[in-house]
Amino acid sequence: MARALVHIAALIATSLACCAHAEEPAPFKIAANGIAESLTGSSGDAVKGRALVLARTTTCILCHSAPLPEARFQGDLAPDLAGAGNRWTVSQLRLRLVDASRFNPETIMPSYYRTDGLVRVGRNFAGKPILSAAEIEDIVAYLATLRD
Amino acid sequence: MRRARAIAVVALLAAAPTLLAGGIAPEARRSGYAFMGPETRAMQDDDSSNPGMLFVLDGETLWTRKTGGADKACADCHGDARSSMKGVAARYPAFDKAAGRPVTLGQRINLCRGNHQQAAPLPYESRDLLALSAFVAHQSRSVAITAGDDPQLKPFVEQGRALFVQREGQLNLACTNCHDDNFDKRLAGAPITQGQPTGYPLYRLEWQTLGSLERRLRSCMTGVRAQAYDYGSPELVALELYLMSRARGLPMETPAVRP
């Protein structure tokens, strides 16, 4: 029991603290509560997107739960991602990941493709978005498959 | 009309963060202990299985050991810690007249070393500083926290509160987002507590050692990918002071055990 807890705590520590190698965000256009065009110009890979959501370094399942049976420790700070593909269009999902504060200014969900307006960003992360454009497209492609 | 409504909405949004950051009512305050499983609680409760007690015992030895140019022990000035140190940790960080600002218990120990023992300061997170801090704070076990009462501390409590509600880091989260608004929920399956500072220095199973409150705050900052404040920095001391004033009335638990 104690061992399991140590393990969880260590996972949180590493998952929250590790690696972000994405580059400066490329320009994109917000219209009608979404971003219609792919950030990379091509569509993402849902299989890669699933693996990304599962990976703790992307931080999604620290807060969310998702239909990922292999993820034993999921969060409950945020809505279950099951059915997200019904509730939102691809364009809305893309904007949600890029900058969730466009939907709810008080949201606790981080903006994954934004570098401005942040305070005291750690030296290793300064000037970089949390995810790259390609990672966002992969995750969007995966979320779009989450239909009830 | 339309304009007026827009202004009202803007005003509401602007007011929201302060509403959310209202703190936790005295009767709703709960130590991290209340969020732990029975095994970790049992480990804390039984002094013979609580690994923090080894540090307390080391601290007791250091308390009576003569050191520094003055060749004096803590006990030479303060006598029996069981009476002279009872309740002290529950009032820290406390205002230091010479410095004109609050100092933590660890900083007070180092001030005593410098001023009265003529000894070098003990480094942050060193075994000796943790042991002495744990020994002194242990004398306050079960004493209700009253830190922050001194009116001279007011601006520093305010500074700490401002830091507590300030979003920061690449993940853009403030302490209040987790510890006021989302305690009782789970971050990747692990409970989020109210972030109460009742048990420090404490033994964290994750660390496999005793650690200070500052160490904990630095790891929360690193967790949101913010640049952590340095040990002993005015910001960390202010945060610690705010946390202690926010915990007012909760009993001290040093040395606590946490997962």
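**Close-up views of a predicted two-chain model**

**View 1. Helix H6 of chain B and its cover.** Helix H6 of chain B spans residues 105–117, and its buried residues are B:Leu105, B:Gly106, B:Gln107, B:Ile109, B:Asn110, B:Arg113 and B:Gln117. Buried means under 20% relative accessible area, exposed over 50%, and partly exposed in between (1.4 Å probe, protein chains only). Helices (H or I, at least four residues) and strands (E, at least two) are DSSP runs, numbered from the N terminus. The model is predicted: local features need pLDDT of at least 70, side-chain atom pairs count only at pLDDT 80 or more, and totals for chains, interfaces and linings use all residues. Residues are numbered from 1 along each chain as its sequence is written, chains are lettered from A and ligands numbered from 1 in the order in which they are written, and side-chain values use heavy atoms, with hydrogens and water left out. The cover over the buried residues of H6(B) includes helix H4 (74–78), strand E2 (101–103), helix H7 (127–138) and helix H11 (234–246) of chain B. After H6(B) comes B:Gln118, with a positive phi near 50°.

**View 2. B:Ser133 in helix H7 of chain B.** B:Ser133 has a relative accessible area of 9%, so this residue is buried. Beyond its neighbours within four places in sequence, B:Ser133 contacts B:Leu105, B:Gly106, B:Ile109 and B:Pro201. Contact means heavy atoms within 4.5 Å.

**View 3. The largest nonpolar core.** This core has 49 residues. A nonpolar core is a set of buried Ala, Val, Leu, Ile, Met, Phe, Trp, Tyr and Cys residues joined through side-chain atoms within 4.5 Å. The residues with the most contacts inside the largest core are A:Val53, A:Leu68, A:Leu97, A:Ile136, A:Ile139 and A:Leu143. Helices H2 (46–54), H3 (60–63), H5 (90–98) and H6 (133–144) of chain A, and helices H8 (154–164), H10 (213–223) and H11 of chain B, each supply at least two residues of this core. H6(A) gives the most, with 6 residues.

**View 4. A:Val53 and its partners.** Not counting residues up to four places away in sequence, A:Val53 touches A:Thr58, A:Cys60, A:Ile61, A:Leu68, A:Leu81, A:Ile139 and A:Tyr142.

**View 5. A second, separate core.** This core has 35 residues. Among them are B:Trp63, B:Leu122, B:Leu130 and B:Ala131.

**View 6. Chain B around these sites.** Chain B holds 11 helices and 7 strands. Of its 259 residues, 52% are buried.
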